[in-house]
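Hi everyone, thanks for coming. I'll walk you through one structure today, so please have a look at the sequence and the model before I start talking.

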Amino acid sequence: MARRSALALAWICLALPRCIRAAGKHAHKEYQQVALPHHSFSIPLEYSSLLGDWMLSGASIFERQRLLLHPGVLERQGFAWTKRPLQTNNFEVKFGFRVSGSADISKAPQDQSFSFWFVRENVSDHFNETRMIRAPSWTEGLKEQGYTLGGSQALFEGVGAVFSTVTADKKPNAAISFVSNDKHQSLSYGVDVPAASAKVIDFRNKKEVEFNLRVQPTLVQASITVDGTTQECFSVDRKGFPVKAGGYIGFTAWSGAGEGKVPDSVSLTKVEVVNFDDEAIGEDVVGASAAEISEYTAMMSSDSRHFQDQKSQTDHLARVTKMLSSHLNEVKPAYDVMAFQMSGMMDSLHKLDRDCRILSKELRLLASDPKARKRGPKRPSNLQELKGHVVGLRRLLDKEASAHMHKLEAVQKNLNDVKQQTDKASGSSMLGRIVDQTRTLEQSVVAKSSQSTWMLFILVVSVVVIGALMWNRMQYYERKHFI
Ligand SMILES: *[C@@H]1O[C@H](CO)[C@@H](O)[C@H](O)[C@H]1NC(C)=O
Ligand SMILES: *[C@@H]1O[C@H](CO)[C@@H](O)[C@H](O)[C@H]1NC(C)=O
């Protein structure tokens with residue numbers, strides 16, 4: 001639902017500029033770019049939703065701060081492919097990456113590389129992970145399936161950029177090659193790739209590296225920005241073999257093999273894909289009905305590209321308005337539910353706030369009760385101690401688990417004392433339970449120090465209960481005193 005709405009919004013963003021542009025005399029460049037969210041990601045990564053759009057295999061995993069293609073371990077494949085095709089052949093891909101390893105590049109395996117691809121085949125569907133895992137080694141598992149070109153298929157139709165640690169003459173150097181294939185022959189690593197025309201650019205162990213690939217039907221250009229300096233990598237004329245729309249983008253890597261070699265770890269920090277073709281939808285609309293899709297497509301077609309008169313402009317605007325209002329209608333119920341849940345949460349927060357205030361007031365009252373002081377020093381001192389511990393605990397909860405333990409023991413002892421004292425007056429099962437609770441709490445501190453927020457909460461609750469009990473006892477004493 002939310003996803004669908006987001007898509008509808010993306011659509012509207014896409015359709016509106018067209019209207020504005022059509023209405024104006026001059027096309028503005030930035031209106032021509034449409035971001036493609038199902039082919040992009042940036043940190044912090046939400047892998048639960050990303051896994052719907054991307055298929056990972058081999059040693060690749062989504063982490064909060066990066067997509068790790070492979071760690072610095074020999075004979076590992078990196079594999080990350082989008083599951084839906086890019087419906088355009090006029091786009092730009094920007095990705096940030098980190099290749100970190102030994103400062104001495106000659107220590108890196110010769111066959112280590114990572115690559116960006118734009119190919120015709122749905123590689124996530126083609127690749128059989130089970131087969132690779134069942135093979136005696138990853139190398140063999142990949143070979144069986146023809147994934148011998150830096151973790152990707154050697155026989156493919158499409159283009160790619162390969163980042164290698166050797167040049168075509170096998171000299172250790174970080175280099176970037178343009179690679180293309182029309183599915184007529186298998187390319188082999190070490191022969192066809194790295195290309196002789198590869199550009200030597202040191203992209204290893206850098207703070208910030210961004211690669212920029214601009215694909216147009218008849219021209220593929222790339223540049224790289226390393227720590228603020230931009231250099232061109234390649235510019236390839238594709239008039240002979242125009243790039244076709246409908247390819248899949250993906251990243252693969254092979255950490256390489258070799259005795260005594262230390263492979264790099266390779267990760268991506270962001271991928272940003274932008275469509276430049278204002279007549280193509282760019283990526284599939286997930287969750288939209290067939291009617292909606294045809295409506296969107298009609299809006300994008302060249303018929304609605306030029307408006308003959310003001311009436312057709314008005315019609316187009318009316319269609320966009322209609323889409324917007326139906327989008328709003330669709331979103332409204334979801335919004336209402338959200339608002340309802342939010343107000344419930346606010347109520348709970350207010351209640352918590354109120355309870356805390358009451359508790360602190362009660363504690364203050366108990367501590368400064370002159371009658372209680374007259375009766376002897378025991379109770380107020382106990383209260384003061386308890387208060388001190390609560391404050392101390394709050395501070396401690398932010399520190400190490402061992403420190404937590406120590407303090408909790410003290411509190412437990414204190415609570416035991418209180419229990420003994422009150423037990424003398426009357427049997428209180430409540431306090432017994434609290435003591436047990438603190439013990440459980442102590443165990444959970446040992447188990448998981450990261451749950452400190454929860455513990456604080458439980459502590460606050462325990463203290464509220466103690467406060468209430470104390471209050472009761474006070475009342476009881478007061479009554480006894482006056483009667
Ligand atoms: C590509 O393959 C993946 C994995 O099998 C699948 O989920 C996806 O639907 C396929 N894409 C298309 C457009 O068929
Ligand atoms: C993948 O390979 C395994 C083992 O060779 C095989 O049993 C399985 O059917 C294959 N899966 C697909 C989807 O082809």
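Let's start at Ser102, which sits in the loop between β8 (91–100) and β9 (113–119). When I say helix or strand, I mean DSSP runs numbered from the N terminus, with H or I and at least four residues for helices, and E and at least two for strands. Is Ser102 buried or exposed? Ser102 counts as buried because its relative accessibility is 18%, and buried means under 20% relative accessible area, while exposed means over 50% and partly exposed is in between, using a 1.4 Å probe and protein chains only. The side chain of Ser102 also has a polar atom 3.1 Å from the backbone nitrogen of Asp104. That is a polar contact: a pair of N or O atoms within 3.5 Å, where, within protein, one must be able to donate a hydrogen and the other to accept it, and residues adjacent in sequence count only if both atoms are side-chain atoms.

Quick housekeeping. This is a predicted model, where local features need pLDDT of at least 70 and side-chain atom pairs count only at pLDDT 80 or more, while totals for chains, interfaces and linings use all residues. Residues are numbered from 1 along each chain as its sequence is written, chains are lettered from A and ligands numbered from 1 in the order in which they are written, and side-chain values use heavy atoms, with hydrogens and water left out.

Now the ligands. Which residues surround ligand 1? They are Lys83, Pro85, Asn122, Asp125 and Tyr248, where being near a molecule or strand takes a heavy atom within 4 Å of it. Sorted by class, that shell has 2 nonpolar, 1 polar and 2 charged residues. For the classes, Ala, Val, Leu, Ile, Met, Phe, Trp, Tyr, Cys and Pro count as nonpolar, Asp, Glu, Lys and Arg as charged, and the others, Gly among them, as polar.

Let's go through the contacts. Lys83 uses its backbone: an N or O atom there lies 2.9 Å from a nitrogen atom of ligand 1. Asn122 has a polar side-chain atom 2.4 Å from an oxygen atom of ligand 1. Asp125 also comes in with its side chain, where a polar atom is 2.8 Å from an oxygen atom of ligand 1. On its own, ligand 1 has 360 Å² of accessible area, and the protein covers 53% of that. Those areas come from the Shrake-Rupley method with a 1.4 Å probe, and for residues only the protein chains shown count as cover.

Ligand 2 has Asn128, Arg131 and Arg134 around it. In the side chain of Asn128, an N or O atom is 2.4 Å from an oxygen atom of ligand 2. The protein buries 32% of the 360 Å² that ligand 2 exposes when taken alone.

Over to helix α4 (residues 129–134), where we find Ile133. With a relative accessible area of 54%, Ile133 is exposed.

Next, some backbone geometry. Most residues other than glycine have a negative phi, and most peptide bonds are trans. Where do we find a cis bond? One runs from Ile43 to Pro44, with omega near -5°, and Pro44 lies in the loop between β2 (41–42) and α2 (47–53). Another cis bond goes from Val193 to Pro194, again with omega near -5°. Pro194 is in the loop between β11 (172–182) and β12 (199–200).

As for positive phi, Lys170 has a value near 70°. Lys170 is in the loop between β10 (157–166) and β11, and at 41% relative accessibility it counts as partly exposed. Asn205 has a positive phi too, near 50°, and its loop runs between β12 and β13 (209–216).

Last stop: the UniProt record, an unreviewed entry, lists residues 453–471 as "transmembrane region". UniProt positions are in the numbering used here, feature names are shortened, and annotations may be inferred rather than shown by experiment. In the model, that span is 100% helix and 0% strand, and its end C-alpha atoms lie 27 Å apart.
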